[in-house]
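This report describes a strand and its partners, the domain division and the surroundings of the ligand.

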Amino acid sequence: MVGQVMTQSLEGKRILLVVGGGIAAYKSLDLVRRLRERGARVRVVMTAAAREFVTPLAFTSLTNEKVSDDLFSATDEQEMGHIQLSREADLIVVAPATAHLLARAAQGLCDDLATTLLLATDKRALFAPAMNVRMWLAPATQRNVATLRQDGALFAGPDDGEMACGEYGPGRMSEPLEIVAAVEAAIKADTRLPLPVPRTDGPLSGRHVIVTSGPTHEAIDPVRYISNRSSGKQGHAIAAAAAAAGARVTLVSGPVTIADPRGCEVIHIESAREMFAAVEAALPADVFIGAAAVADWRVEAAAQKIKKEQGASAPSFALVENPDILASVARSPKRPRLVVGFAAETRDVIPHAREKLLRKGCDLIVANDVSEGSGVFGGDANEAHLVSHAGVESWPRMRKESVAERLVARLAERLAKSEAAE
Ligand code: C5P
């Protein structure tokens, strides 16, 4: 009788299957089939050792997807970067997870595509170990498993049984259907990695910090948009520095190509209005930092793609002003104690920053020169001036991460001072 799965328990779910180099790799072919039967979309990444056991072609035939195995492949990086590959999955399944693969994952090594994906992901990984019984019971392997569990990893198996090498005991990879059951359970529960608990002894411990970062995209029609050159590097660095200082951080990010910083709750938005709504929903907070390059204007987007018609004149757009998020937060009844804006200027940097401080109603402006040749937009360094009602503090040119750390240190001092003054 041909078995038929009636319910599509994994309908629309995306599974990234990392295949390690063990004899159990042949069982992963069946695992792919079982996952696909349940409606999952499966993408396979193989380690170099895995290819010694099963060919990529076998997986390609079963998944109808390209099998990836090269961290440095220019075409793969163009089509889909490793960050995106790990982020777009709902769950990463590592089967077979060899002792070596577990060790590399536990240590955070990333010397091939498989381990890089495991390090870059914000989703859980489900490991199905497969190895010789002695290797499984070795203290080093057990330590690695404990570390991975502590970091939020899930495990299916290993089972007891006779091994390919003739020994008997734990170490055999679980049967595909058992792994499928573990996948279903993981998908049902939340597959996102839990945010690390913020440290309690940092200068911003117990504080909530909201940061906006990156550009916004203002749709013209379903395929076109207006935007700017902001990379999000400075805003993301500030979010990371605030998290490292013990704050609970909500980062509202426009479309950027850099990774989410660790330890922050990241809300991805596209337009200024979405950014505004996300910020309002995240309030109250102790500190708001508007580092995003919010588009000042939008167009009323067309519902359908605007067609280029022969002989017709070019379309013209009426621009509508976007909400000013910084000014609104500064004047909100839920105003955070500290409101910090950015001023990207191409001339008269400090006078403009002073004017912005008053106009927007904030406590501090981080002003920088983004004129052509400054390399600030998209670059790794920034030359910033911290403008407050009391004066200006000019910092030398330094990495954006260092600007972020300095700013966070100043904010912690100000918060402590303003509380002491009450
Ligand atoms: O008005 P301008 O764009 O020069 O001000 C820059 C500052 O204001 C930045 O901190 C930016 O994040 C914030 N801003 C905003 N909402 C807007 C425009 C700018 O929050 N619509």
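## Strand β8 and its partners

In this predicted model, strand β8 (residues 208-213) runs parallel to strand β11 (residues 248-253), and six bridges join them.

Six of the six residues of β8 are buried. In a regular strand the side chains alternate between the two faces of the sheet. In β8, H208, I210 and T212 point one way, while V209, V211 and S213 point the other way.

## Domain division

The chain is divided into domain 1 (14-188) and domain 2, which consists of 208-302 and 316-420. A distance of 39 Å separates the C-alpha centres of domain 1 and domain 2.

## Surroundings of the ligand

The residues surrounding the ligand include G290, A292, V294, D296, P323, D324, K356 and K360. By class, the shell comprises six nonpolar, two polar and four charged residues.

A polar backbone atom of P323 lies 2.8 Å from a nitrogen atom of the ligand. Oxygen atoms of the ligand are found 2.8 Å from a backbone N or O atom of L326 and 2.7 Å from a backbone N or O atom of F342. On its own the ligand has 440 Å² of accessible area, of which the protein covers 86%. Two or more residues of the shell come from each of α13 (325-330), β16 (338-345) and α14 (349-360).

Terms used. Residues are numbered from 1 along each chain as its sequence is written. This is a predicted model: local features need pLDDT of at least 70, side-chain atom pairs count only at pLDDT 80 or more; totals for chains, interfaces and linings use all residues. Side-chain values use heavy atoms; hydrogens and water are left out. A residue is near a molecule or strand if one of its heavy atoms lies within 4 Å of it. A polar contact is a pair of N or O atoms within 3.5 Å; within protein, one must be able to donate a hydrogen and the other to accept it, and residues adjacent in sequence count only if both atoms are side-chain atoms. Accessible areas come from the Shrake-Rupley method with a 1.4 Å probe; for residues, only the protein chains shown count as cover. Helices (H or I, at least four residues) and strands (E, at least two) are DSSP runs, numbered from the N terminus. Ala, Val, Leu, Ile, Met, Phe, Trp, Tyr, Cys and Pro count as nonpolar, Asp, Glu, Lys and Arg as charged, and the others, Gly among them, as polar. Domain bounds come from an automatic or database domain assignment. Buried means under 20% relative accessible area, exposed over 50%, partly exposed in between (1.4 Å probe, protein chains only). Two strands pair if DSSP finds at least two bridges between them.
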